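Subject: Structure handover and notes

Hello,

Here is the structure for your files.

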Amino acid sequence: MDFSLTPEQQQIGETARRFGVEKLAPGFIAREKDGRIAQSLIREMGGLGLIGVDLPQAFEGLGADGVTAGLVIEGVAAADLSVAYVQLLGSLMGSILVNHAPAEVVKEVVPRICRGETVVALGLTEPRGGSDAANLQLKARRSNNGYVLDGEKTSISMIEQAESIIVFARTGEAHSGARGVTAFHVPLDQPGINRSSFNDVGSKVVGRGSVFFQDVKVPDEWRIGGEGEGFRSVMQGFDYSRALIGLQVLAPAAASLEETWRYVSERQAFGHPLARYQGVTEPLAEAETLLTAARLLCYRTLWLRDQRKPHTAEAAMCKWWAPKTAFETIHRCLLTHGHSGYTMDLPHQQRLRDVLGLQIGDGTEQIQKMIIAREKVGRVAVPY
């Protein structure tokens, strides 16, 4: 197995890392107080080719593979996990549009995603719960040459900064499951659409909230794929995004760990550096091992995707294990810094809060383990 990167991958990965160090890290804590990502920053990322790197060159992406997208999200997230959401949404939403949306929508929207001119949100979760994703209540009823949307979507990332949303609605019977779900690309400035925001523990720069649809008219041209085929399109995308999320959370954990290694080498206690004491270094060595293993799992999953090999189970492993490992690592780093680690002046507390959200979003630990079991023994492992 070849673990080496191509010169092109090394170059784009270094560009992302340098952008993070120079442009993102200095404003990491201050940006949370602002509560949003500056549009100029998003455009700068787009200008550097750091958004939609895996999208086709015909739509101003780089046409790179999933491993390259992983290097980019890792480089950005090491400086600010929240800003890396721009890359995550760009890849996930862009790929759904490229693979399933009408040509006119793709031509209009995807280049703007890659340039950093627009953010497209994902509208799947509903107030009744997110784990049973196929059991949607938001309705899309037929009307003339289109549909009318009525209902609510919630837990939507970057909802305040998004210009449009890919929304999943029920076009079939109430109990038709995934077969009755259809996807639409809907601009958020349409009449009948309202938004609200949450006050979350972390990822305040990303922001999260709800969207309310009341008699919102959607023409046929905004439908993504065929009627009743929407759920399949987003589920295929999740296998990809879950591996990217793994790298997104591991990168800030690795940053905290590197800072903690330096701290224990410099901090003195009982006349010696803290690094002299095994009780201090052994937990850090364990964290180093787990982060390395989780990172390799994520890149292996992306490699499997690039080779068009099955990777659903591996993606689920990335999604439950990487956030858990990242959270525990940052927690250990915060404690190792003692009283100074507990202050808001150091970045560990913010990283901890940011990573925590991704132990919930895009599929909980329990759901991921159920997916792994299903891939091993079949649908007998799926509850009814």
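Predicted model: local features only at pLDDT ≥ 70, side-chain atom pairs only at ≥ 80, totals over all residues.

Residues are numbered from 1 along each chain as its sequence is written, and side-chain values use heavy atoms, with hydrogens and water left out.

Salt bridges

Side chains of opposite charge can pair when their charged atoms come close. A salt bridge here is a side-chain nitrogen of Lys or Arg within 4 Å of a carboxyl oxygen of Asp or Glu. By this rule there are 23 salt bridges.

One of them joins Arg 18 to Glu 14, with 3.7 Å between the closest N and O atoms. Both residues sit in helix H1 (residues 7-24), and because they are 4 residues apart there, about one helical turn separates them. Helices are DSSP runs of H or I with at least four residues, strands are runs of E with at least two, and both are numbered from the N terminus. Arg 18 is partly exposed at 36% relative accessibility, and Glu 14 is partly exposed at 32%. For these labels, buried means under 20% relative accessible area, exposed means over 50%, and partly exposed is in between (1.4 Å probe, protein chains only).

A second salt bridge is formed by the side chains of Arg 43 and Glu 117, at 4.0 Å from N to O. Arg 43 lies in helix H3 (residues 39-47) and Glu 117 in the loop between helix H6 (103-115) and strand S1 (120-123), so this pair ties together parts that are 74 residues apart in sequence. Arg 43 is partly exposed, with a relative accessible area of 43%. Arg 43 and Glu 117 also belong to a network of salt bridges that links them with Glu 60, Arg 112, Arg 115 and Glu 163.

Asp 200 pairs with Arg 208 in a salt bridge whose closest N and O atoms are 2.7 Å apart. Arg 208 has a relative accessible area of 27%, so Arg 208 counts as partly exposed.

A helix pair

Two packed helices are described by the angle between their axes and the distance between the axes. Helix H9 (residues 312-336) packs with helix H12 (residues 365-377) at an angle of about 150°, and their axes are 8 Å apart. H9 is therefore roughly antiparallel to H12. Axes are lines fitted to C-alpha atoms, for helices over the stretch in contact, with angles running from 0 to 180 degrees between N-to-C directions. Angles under 35 degrees count as roughly parallel, over 145 as roughly antiparallel, 65 to 115 as roughly perpendicular and the rest as oblique. The crossing of H9 and H12 is left-handed, a term for a near helix turned anticlockwise from the far one by less than a right angle.

A nonpolar surface patch

Met 1, Phe 3 and Leu 296 make up a nonpolar patch on the surface, and their accessible area together is about 410 Å². Patches take residues with over 30% relative accessible area and no salt bridge, joining like charges within 9 Å and nonpolar side chains (Val, Leu, Ile, Met, Phe, Trp, Tyr) within 5 Å. Areas come from the Shrake-Rupley method with a 1.4 Å probe, and for residues only the protein chains shown count as cover. Leu 296 belongs to helix H8 (residues 278-306) and is partly exposed, at 43% relative accessible area.

Serines with positive phi

Ser 155 has phi near 55°, a positive value in a residue other than glycine. Ser 155 is in strand S3 and is partly exposed, with a relative accessible area of 30%. Ser 203 also has a positive phi, near 50°. Ser 203 sits in the loop between strand S6 (193-197) and strand S7 (208-219), and is buried at 11% relative accessible area.

Distances between residues

Glu 152, in strand S3 (residues 146-157), is 186 residues from Gly 338 in sequence and 44 Å from Gly 338 in space, C-alpha to C-alpha. Ser 82, in the loop between helix H4 (66-77) and helix H5 (84-100), is buried at 1% relative accessible area. Ser 82 and Phe 28 are 54 residues apart in sequence, with 9.3 Å between their C-alpha atoms.

Regards
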